[in-house]
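Visitor: I am new to this structure and would like to be shown around. Please put it on display, and I will ask as we go.

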Amino acid sequence: NPLHDLIGDASDAGEQLLASAAQSYQRGDFDHTATILAGVLALQDDVRAIKLLASTRLKQRKHTEAEKLYERAYHLDDKDLFVLEALAEIKLKSLRVQEAIPLFKRLLALDPDGNHPAANRGRQVLCDFCDKLREAKPK
């Protein structure tokens with residue numbers, strides 16, 4: 001296989017590209033990160049690459065694309081609390097509360113003791129949203 005001869009094992013190449021994308025992300029070079037991750041996803045459907053690309057798209061303020069990527073990641077791993085929180089928060093910020101509520105419920109059910117940082121962020125996001133609703137309520 002000429003492609004295999006060129007890049008070696010796809011999983012090894014994917015891991016190297018994923019590490020490179022993470023470094024670009026840490027440097028704040030989000031365009032480069034997205035380009036690298038497109039390469040990773042061309043080699044394999046890696047949930048880590050999808051999540052990092054979704055986060056990259058959020059940093060680039062491309063919320064619709066980020067949401068689609070988080071949906072994809074959620075379908076691959078519906079117990080990932082970081083994905084659940086991000087997806088729920090995007091939907092809540094888009095005022096799609098009916099779509100967000102089941103995700104928040106699942107998030108909190110998977111971490112009832114409040115040990116996971118993503119679930120705790122979700123709790124804070126919900127509290128902040130409720131506070132804003134109370135403030136906006138006519139007296």
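Visitor: How many helices and how many strands are there in the protein chain?

Guide: This is a predicted model, in which local features need pLDDT of at least 70, side-chain atom pairs count only at pLDDT 80 or more, and totals for chains, interfaces and linings use all residues. Residues are numbered from 1 along each chain as its sequence is written, and side-chain values use heavy atoms, with hydrogens and water left out. Helices (H or I, at least four residues) and strands (E, at least two) are DSSP runs, numbered from the N terminus. From that end the elements run α-α-α-α-α-α-α-α, and the count is 8 helices and 0 strands.

Visitor: What percentage of the residues of the protein chain count as buried?

Guide: Along its principal axes, the C-alpha trace spans about 70 × 30 × 25 Å. Buried means under 20% relative accessible area, exposed over 50%, and partly exposed in between (1.4 Å probe, protein chains only). Of the 139 residues of the protein chain, the buried share is 36%.

Visitor: Are helix α3 and helix α4 roughly parallel or roughly antiparallel to each other?

Guide: Axes are lines fitted to C-alpha atoms, for helices over the stretch in contact, and angles run from 0 to 180 degrees between N-to-C directions. The axes of α3 (residues 30-43) and α4 (residues 47-59) come within 10 Å and cross at roughly 155 degrees. Angles under 35 degrees count as roughly parallel, over 145 as roughly antiparallel, 65 to 115 as roughly perpendicular and the rest as oblique. The two helices, α3 and α4, are therefore roughly antiparallel.

Visitor: Which residues in α4 do the residues of α3 meet?

Guide: Contact means heavy atoms within 4.5 Å. By class, this contact of α3 with α4 has 9 nonpolar (Ala, Val, Leu, Ile, Met, Phe, Trp, Tyr, Cys and Pro), 2 charged (Asp, Glu, Lys and Arg) and 2 polar residues (the others, Gly among them). From α3 come Phe30, Thr33, Ala34, Leu37, Val40 and Leu41, and in α4 they meet Ala49, Ile50, Leu52, Leu53, Thr56, Arg57 and Lys59.

Visitor: Is Phe30 buried or exposed?

Guide: Phe30 is one of the α3 residues that meet α4. The relative accessible area of Phe30 is 19%, so this residue is buried.

Visitor: At what angle do helix α5 and helix α6 pack?

Guide: Helix α5 covers residues 63-76 and helix α6 residues 81-93, with their axes 9 Å apart. The contact includes Tyr70 and Tyr74 of α5 and Leu87 and Ile90 of α6. Its residues divide into 9 nonpolar, no polar and 3 charged. The packing angle is about 145 degrees.

Visitor: In which loop does Arg61, with its positive phi, lie?

Guide: Most residues other than glycine have a negative phi. Arg61 is not a glycine, yet has a positive phi of about 65 degrees. At 70% relative accessibility, Arg61 counts as exposed. Arg61 lies in the loop between α4 and α5.

Visitor: What is the phi of Leu95?

Guide: Leu95 is found in the loop between α6 and α7 (97-110). With a relative accessible area of 63%, Leu95 is exposed. Although Leu95 is not a glycine, its phi is positive, at about 60 degrees.

Visitor: How many Å apart in space are Ile101 and Thr33?

Guide: Ile101 is found in helix α7 and, at 34% relative accessibility, counts as partly exposed. Ile101 and Thr33 are 68 residues apart in sequence, and C-alpha to C-alpha their distance in space is 31 Å.
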